Amino acid sequence: MASQDITPVGRSSAKASLLYDPKVRGLVFQVLTVVVIAGLIYWIINNTITNLQRANLASGFGFLDGRSGFDISSSPYLAYSSDSTYIKALWVGILNTITVAFVGIITATIIGFVIGIGRLSHNWLIRKICTVYVEIFRNIPPLLVIFFWYLGVLSVLPQARQSIHLPFNTYLNNRGFFFPSPVFGEGAWLAGVGLIVGIVGALLVKRWARRRQMVTGQQFPVGLTALALIVGLPLLALLVKGFPLSFDYPVLGSFNLKGGAQIGPEFMSLYLALSFYTASFIAEIVRAGIRGVGKGQSEASHALGLRAGPTTRLVIVPQAMRIIIPPLTSQYLNLTKNSSLAVAIGYPDLVAVGGTILNQTGHSIEVVAIWMVVYLGISVLTSIFMNWFNARVALVER
């Protein structure tokens, strides 16, 4: 009788312990979460298809092969006309978005580092100027900064006939920035090969110089060597081929400039606005990263005879990069996504071109899906690169 009374109690306690097992509960909650999310996605897709059928709207991406019927003001990479397809128009918008994001990231990084280090300067005037810069741009919406450059700066420049003549046969007016465009002759491709070889050689020299310094303690002029390789090899290749390179210079006419290349005011205002706006946030990240390095590092470098400049460049900044890079990635992603504000000033980025296609075709879901996929892809690739770079500069613990 005693054994019969104990068995049911043991079984019930086993069931109770199974329900209170953290692993079992976690697995149950994960399964329920997956089921709920899958059901929600199915309901959204089914509801969307039903509404499209009820409204007699066509769906699918077949419309991308149709004739676009509209012009794009800026297409520096692809030969585009109104007879081109919608898919080609989207490619133009994607390339324009990548261009403004890429050059904006480079410029914002340079300005941000300069302003961030300037905020820690011992010079009172430099420190206050950098502080005012950060406080102004950080507290203004990016759209207002774009309007400031587009309406308050570039649009009030002189007209074409009164263009501002800058050095190297360049001109600036309210229609944009005009500069000489290169004209490559036969055999000029060898200069591109020389540039690639120069970049690879500079990277190899940098790696060799680092190993040499770790062994001997002696520094090697990596910067000058890299500059000589990157600039010298393409020039040498051009000289070997008889210098098959000329320039088409802009010429000031009665009403406009002819020849050369042009950067429109839409691109310039978007590029400058995103660069200066994002640089204010990068400056604070740089300042915080430098503050995160122990004060003893500076004292030790000064004790070894290093001055303030080499101390910042060789001791402080390399250590601060391990703190700076993770939040810096977020600012790069924000700059890329903020480029969609270009639609406010008519720059033909992905959103502006896609909006025109949406209005003409009515395929709103497909166009929005393309926007999401493209921006997600750019963001993921940026994150992968920055994570790789962060791993390169991270401290290796034994």
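Phenylalanine 70 and tyrosine 80 are both buried (under 20% relative accessible area with a 1.4 Å probe, protein chains only; exposed is over 50%, and partly exposed is in between). The model here is a predicted one, so to speak of local features takes pLDDT of at least 70 and side-chain atom pairs count only at pLDDT 80 or more, while totals for chains, interfaces and linings use all residues. Numbering starts from 1 along each chain as its sequence is written, and side-chain values use heavy atoms, with hydrogens and water left out.

As for aromatics, rings of Phe, Tyr and Trp (its six-membered ring) pair if their centres lie within 6.5 Å, with planes under 30 degrees apart called stacked, over 60 edge-to-face and the rest tilted. That rule gives 14 aromatic pairs. In one of them, the ring centres of phenylalanine 70 and tyrosine 80 sit 6.3 Å apart with planes at 50 degrees, so the pair is tilted. Both residues lie in the loop between helix 2 (22–54) and helix 3 (86–118), ten residues apart; helices here are DSSP runs (H or I, at least four residues), as are strands (E, at least two), numbered from the N terminus. Elsewhere, Tyr133, Phe137, Phe148, Trp149 and Phe276 make up one aromatic cluster.

On to the strands, which pair if DSSP finds at least two bridges between them. Four of them build an open, antiparallel sheet in the order 1-2-3-8. Strand 1 (164–166) and strand 8 (261–263) are the edges, each pairing on one side only. Inside the sheet, strand 2 (residues 170–173) and strand 3 (residues 176–179) run antiparallel and are joined by three bridges. Leucine 172 stands opposite phenylalanine 177 of strand 3.
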